[in-house]
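I opened my notebook today to go through this model sheet by sheet. Here is the structure I had on screen, followed by my entries.

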Amino acid sequence: MKTYIGIDLGGTNVRVAKVTEDGAVQAVVKGPSYAQEGPEKVMANLKDLIRQIPGWEDCSGIGVGVPGPVNTVDKTMVLSTNLPGFTGYPLADELEKTFWLPTYIDNDANVAGLAEALVGAGRGKNVVFYVTISTGIGGCLVVNGQTVAGKHGFGGEIANIIIDRNREKVNYLNVGAIENEASGTAIFRKGRQIIGEEVDHTRKVFDLAREGNPDAIKIITDMEEDLGQLFATIACVCDPDIFIIGGGMSKSADLFMPGVIENYKKMSHLAVHDTPFVVSSLEEPGIVGAAMLPKSFGH
């Protein structure tokens with residue numbers, strides 16, 4: 001069975017794993033990413049961690065998940081806020097030259113979606129759309145086993161999709177952008193505004209809703225409508241075989257997903273009403289998905 005090196009490179013930490021082609025993690029090493037010290041330090045550290053993986057020489061490729069949009073043709077980061085100096089840096093080429101293994105990079109949300117599409121809840125499906133709902137909201141479109149990143153690396157970047165122009169201006173995103181209305185950060189913000197300091201975490205809003213607090217219920221109900229609109233919009237563009245929901249807020253999916261699906265059906269074409277919604281099934285989608293990148297390109 002083929003194996004691959006998967007790298008989850010973040011602004012604080014990095015993990016490197018050896019993963020089988022069916023998604024089983026065989027070995028993991030981790031450490032600080034040294035992101036603030038620049039590409040030279042980050043790359044030296046990455047190479048050292050890869051060499052610590054038993055049998056790395058027998059792997060069929062290397063995949064790297066990074067925080068930010070990626071030009072998957074040039075295999076470089078388009079925007080590297082959390083990895084200073086990596087915009088346009090030949091990260092994949094540098095690893096390829098060192099280890100003589102085909103190397104690919106993609107956005108961390110994209111690789112999580114790829115993992116679910118190839119070896120998780122979307123296995124066997126031709127068109128998979130993965131949505132991660134946590135601090136922010138991200139997305140990934142996988143078609144025939146490959147992520148669709150687009151010309152500029154922004155394919156699947158759904159955070160800025162407008163679901164209602166008549167909302168408040170929050171930050172640099174569009175007024176009414178879905179991330180500012182339905183992410184964990186948004187639910188926390190609304191909880192503090194409407195309920196008060198009792199809300200010390202996003203989870204508290206869900207707990208209060210379960211207890212019957214009317215303000216919390218209203219916040220969640222609004223979120224369900226906003227997410228329903230988002231999924232209906234996505235369905236208009238790519239009509240996926242399945243929607244997969246990941247991220248920290250998926251742990252409360254039993255509370256809000258029935259309402260999301262109800263609203264999705266109200267706002268979408270009748271033909272797509274049978275599209276299944278499932279919660280992500282993998283414990284390590286980021287690192288497994290990174291390892292799946294070379295597999296998705298036929299290695």
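**Entry 1: the sheet with E7**

I began with E4 and E7, which run parallel and are joined by 5 bridges. I take two strands as paired if DSSP finds at least two bridges between them. My helices (H or I, at least four residues) and strands (E, at least two) are DSSP runs, numbered from the N terminus. Across this pair, Gly65 stands opposite Asp106 in E7.

Before going on, I noted that this is a predicted model, where local features need pLDDT of at least 70 and side-chain atom pairs count only at pLDDT 80 or more, while totals for chains, interfaces and linings use all residues. Residues are numbered from 1 along each chain as its sequence is written, and side-chain values use heavy atoms, with hydrogens and water left out.

Next I traced the whole sheet: it is open, has 5 strands in the order E3-E2-E1-E4-E7, and its pairing is mixed. Strand E3 (25–32) and strand E7 (103–107) are at the edges with a single partner strand each, so one side of each has no neighbour in the sheet. From one strand to the next the twist averages 15°.

Is E7 enclosed or open to the outside? I found 5 of its 5 residues buried, so E7 is largely enclosed by the rest of the structure. Buried here means under 20% relative accessible area, exposed over 50%, and partly exposed in between (1.4 Å probe, protein chains only).

I also looked at E1 (residues 3–9) and E4 (residues 62–66), which run parallel with 4 bridges; Gly6 has Gly63 as its bridge partner in E4. Helix H1 (residues 39–51) packs on this sheet, touching E1, strand E2 (13–20), E3 and E4, and makes about 35° with the direction of E2. Contact means heavy atoms within 4.5 Å; axes are lines fitted to C-alpha atoms, for helices over the stretch in contact, and angles run from 0 to 180 degrees between N-to-C directions. Helix H9 (residues 285–296) lies across E1, E2, E3, E4 and E7, at about 130° to E1.

**Entry 2: the other sheet**

I then followed an open sheet of 5 strands with mixed pairing, in the order E10-E9-E8-E11-E12. Its edge strands are E10 (146–147) and E12 (277–279), each pairing on one side only. Strand E8 (residues 127–133) runs parallel to strand E11 (residues 242–246), with 5 bridges between them. Helix H8 (residues 253–267) lies across E11 and E12, at about 160° to E12.

**Entry 3: cores**

Which residues touch the most other members of the largest nonpolar core? I noted Leu227, Phe231, Phe243 and Phe256, out of 38 residues. Such a core is a set of buried Ala, Val, Leu, Ile, Met, Phe, Trp, Tyr and Cys residues joined through side-chain atoms within 4.5 Å. Helix H7 gives the largest share of this core, 11 residues. Beyond its neighbours within four places in sequence, Leu227 contacts Ile133, Ile137, Ile178, Ala182, Phe256 and Val260. A second, separate core has 29 residues, among them Ala35, Val64, Met77 and Leu83.

**Entry 4: cysteines**

I counted 0 disulfides, a disulfide being a pair of cysteine sulfur atoms within 2.5 Å. Cys140 is buried, at 0% relative accessible area, whereas Cys236 is exposed, at 56%.
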